[in-house]
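Hi everyone, thanks for making time this morning. Let me put the structure up on the screen, and then we'll walk through a few spots together.

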Amino acid sequence: MLKNGYGGKILRINLTERQYEIEPLDKKWIRDVIGGRAANTKRLFEELDPTCDPLSPENLLIFGVGPLTGSILPSSSYFIVTAKSPMTGILGDSAAGGQFGAEMKLTGFDQIIITGKSPVLLYLKISNEGVEFIECPELRHQTIVATTHSIRKSHHDYSIQVAAIGPAGENQVLYSTIVSSGNRVNGRTGMGAVMGSKNIKALAVKGRGILNYADSLGFYDEVKLMKEKIRNHGEYQKRYNLGTTMLMSDLNGVGILPTKHFQDGICDYLDEISGEKLAQKFKVKNKACFNCNLHCSRYYVCNEFEAEGPEYETLCSFTSKIGNDDLTFALEMNTYLNQMGLDSVSTSEVIAWIMECQEKKLLQPSDIGNIDLSWGNIDGIRKIVELITFRKGIGDKLAMGAYKFSKQFSEEAQKLVLQVKGLDIINGDPRGIKAYGLTYAIASRGGDHLRAEPFFELTNREDESLKRFGTIEAAHRLSEEGKAALVYYSEKIALLTDSLTMCKNIGLCMDVLSFETTSKLLNFCTGINYTPQYLEEIMTKSVDLQHTLNKKFGLNRKDDTLPERFLMESLPRGPTKDSLVDIDKMVDEYYSLHKWK
């Protein structure tokens, strides 16, 4: 039986020996990291040889949940997958919501740590008692939905939760994904490739546990307040209607919607590809992660394609970023990517980078298998994505990602890859959101916003900004003043949500989670005395640990920067015109706050 938030057990699986061990979770060890991402990172730091090949049997693949995962707290259904990234060679991890994390929690395992490599394709059936190693040659090159259906059918149990890879993961495309609940994606840093390298097609979890709380009534009362705070939030209805696709219009309105590979920040055909258009024409119902009261996800039907999503990153990736005004094609790509197991951001960066390079005569169609990738060329895009998925022809090289592939071309072409530390940046132009730009630069997994998600800079909440960060400018997106302090704060709240585990769209972007509220939730749930001050202290130490781990992987201060485009090229029009990023200034201030050298 589960006790006070934690399952209390660690599951270690050795694929090479086809053996597993169950060990107790050390209460002292977990107290300083809470769970989820912070715990996974600590495990990687303590147990991984930093020199190992990410696709070798020696790499660790860790699935982790937190003390609030699967509880009555809304949006607390996330799980974290961590390993050394094959995409970047540094700390890699990715989070996903849905149902898998809540079901994993009921098995009693707070972490599942996988090492070695199976000689044949198999999936792992995990229950409270342990592991079944089930060979599954029939699932090779099956889609993720087909794999999920097959596993559930074979066990006559459709409540089993499955996290699987598609053909891209089996073929070890460096930016391949793990997908659970049919469409919930652990997308960044290539965790699907690590899973594929170990010959694991899927993890199937079915638990029998019961969640217990140290103070059930106290926890219930605090959760009730959180539910009300979410429901009464000014953006609740907008997020319910559009989810993250609301950002298409929002970012276009301030001139930072990535268009033609960040050459422009305004898309002239926005009305044809917006979240509003998607909701009006193709959405058939809302969907939600386990026990969430926001229901921000969408299910669509479009021609012969139907699926959940897309989230903003995929919608932008396959519309404005690549010069495509056909919304139906973006929905087709969302379905394909999620079933084949490809990260939409890195896939679209390969495509958009080639498009810009072909436009500027830095690449020729002959360099990519005589495929014409002019802006919005749907047939060319479709072909390239298929070749990448199965590593056929030029797709074998493109499966390395734009950054690695670009090394065979001119320095000018290489500079056009929009990445940090080898990870392609997300779809928000840092020239108009300076705290996000700083976040991309310092993020421990590469060009990413989720390490801090400093949404606060878009709120114009001047009084709150002055109170929290000592200046009103932290609430202004074009200012660089106060942004180091904002990121220094928000990265700890972001890590806190990933450690509980909770959704950042609610906990961080809607600003409903703080050290004070988290302290109450954890105390009522676990019975462990977590003060707000102690939570901030251990989150700071965990950020420091990530930094130290990446130094072991070979990173240094010069890697905390942005692509040249954002430092030297201004946008041609709109509200963000003429704005550039002084990244060195902000990074220096950020390092000073951490007392890093």
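Let's begin with two phenylalanines, F63 and F79, both of which are buried. Please keep in mind that this is a predicted model. The rings of F63 and F79 are stacked, with 6.2 Å from centre to centre and 5° between the planes. F63 belongs to strand β3 and F79 to strand β4, so this pair ties together parts 16 residues apart in sequence.

Now, F79 has another partner: it forms a tilted pair with F100, at 4.7 Å between centres and 45° between planes. Here strand β4 is linked to helix α3, where F100 sits, across 21 residues of chain. F100 is buried, as is F79. Across the whole structure there are 16 aromatic pairs, and ring pairs also join F456, F469, Y489 and F515 into a cluster.

R31 lies over the face of Y530, 5.8 Å from the ring centre, and the charged end of R557 sits over the ring of Y591, at 5.2 Å.

Next stop, E170 in helix α5. Is E170 buried or exposed? It is buried, because its relative accessible area is 11%, and the cut-off for buried is under 20%. Which side chain does the side chain of E170 meet in a polar contact? That would be K201, at 2.5 Å. A polar atom of the E170 side chain also lies 2.9 Å from the backbone nitrogen of H141.

Last, the hairpin: β1 and β2 have 4 residues between them, and R18 in the turn has a positive phi of about 50°. The two strands pair antiparallel over 6 bridges, with N14 opposite Q19.

How values were computed: Residues numbered from 1 in each chain as written. Predicted model: local features only at pLDDT ≥ 70, side-chain atom pairs only at ≥ 80, totals over all residues. Heavy atoms only, no water. Pairing = 2+ DSSP bridges. Buried < 20%, exposed > 50% of the residue type's maximum accessible area, 1.4 Å probe, protein only. Polar contact = N/O pair within 3.5 Å; in protein donor to acceptor, adjacent residues only side chain to side chain. Phe/Tyr/Trp six-rings, centres within 6.5 Å; stacked < 30°, edge-to-face > 60°. Lys NZ or Arg CZ within 6 Å of the ring centre and 35° of its normal.
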